[in-house]
Amino acid sequence: EGFVVLHYVVDERGRLASGTVEEQWPASRPRLRGELGRFYTAFLRATERGLGAARFEPARVGGCAVPQLVRQEFAYRLHGR
């Protein structure tokens, strides 16, 4: 179980803007290493792939679709617990 926090931009078409995904690791916590680090990296990569396939409702200003910076936490939990 764990979570990944990302910043990214949703463009005017409601798609992930290329090259905008940025991981947000808490400055107060040391990076994970070893097996836990590999698991975290797998969660991070899976989340990034999912964002690339996702469709969003674009932000609107004055009725016009505009890019929007998003901060989102993605939680991963084990079923049956």
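Me: Among the elements of the chain, which has the lowest mean pLDDT and which the highest?
Reply: pLDDT is the predictor's confidence in each residue, from 0 to 100. Where it is low, the predicted coordinates should not be read in detail. Here helix 1 (residues 34–53) has the lowest mean, 91. Strand 4 (residues 64–66) has the highest, 98. The chain averages 92, and 99% of the residues score at least 70.

Me: What ground rules apply to the model?
Reply: This is a predicted model, with residues numbered from 1 along each chain as its sequence is written. Local features need pLDDT of at least 70, side-chain atom pairs count only at pLDDT 80 or more, totals for chains, interfaces and linings use all residues, and side-chain values use heavy atoms, with hydrogens and water left out.

Me: How many helices and strands are in the chain, and how do they run from the N terminus?
Reply: Helices (H or I, at least four residues) and strands (E, at least two) are DSSP runs, numbered from the N terminus. The chain has one helix and five strands. Their order from the N terminus is β-β-α-β-β-β.

Me: What radius of gyration does the chain have, against a compact globule of 81 residues?
Reply: The radius is taken over C-alpha atoms, and the globule rule is 2.2 Å times the number of residues to the power 0.38. A compact globule of 81 residues would come out near 12 Å; the chain has 15 Å. Along its principal axes, the C-alpha trace spans about 45 × 30 × 20 Å.

Me: What share of the residues is buried?
Reply: Buried means under 20% relative accessible area, exposed over 50%, and partly exposed in between (1.4 Å probe, protein chains only). Buried residues make up 20% of the 81 in the chain.

Me: What share of the contacts in the chain with a separation of 6 or more comes from residues 24 or more positions apart?
Reply: Contact means heavy atoms within 4.5 Å. Of the contacts with a separation of 6 or more, 68% join residues 24 or more positions apart.

Me: Where is D11, and is D11 buried or exposed?
Reply: D11 sits in the loop between strand 1 and strand 2. D11 counts as buried because its relative accessibility is 9%. Setting aside residues up to four places away in sequence, D11 touches A17, P58, V66 and P67. D11 and P67 are 56 residues apart in sequence, yet their C-alpha atoms are 4.2 Å apart.

Me: Why does E12 count as partly exposed?
Reply: E12 has 42% relative accessibility, so E12 counts as partly exposed. E12 lies in the loop between strand 1 (2–10) and strand 2 (22–23). Beyond its neighbours within four places in sequence, E12 contacts P58, A65, V66 and P67.

Me: Where is P67, and which residues does P67 contact?
Reply: P67 is in the loop between strand 4 and strand 5 (68–76). Leaving aside neighbours within four places in sequence, P67 contacts V9, V10, D11 and E12. P67 is partly exposed, because its relative accessible area is 45%. P67 and G14 are 8.4 Å apart, C-alpha to C-alpha, and 53 residues apart in sequence.
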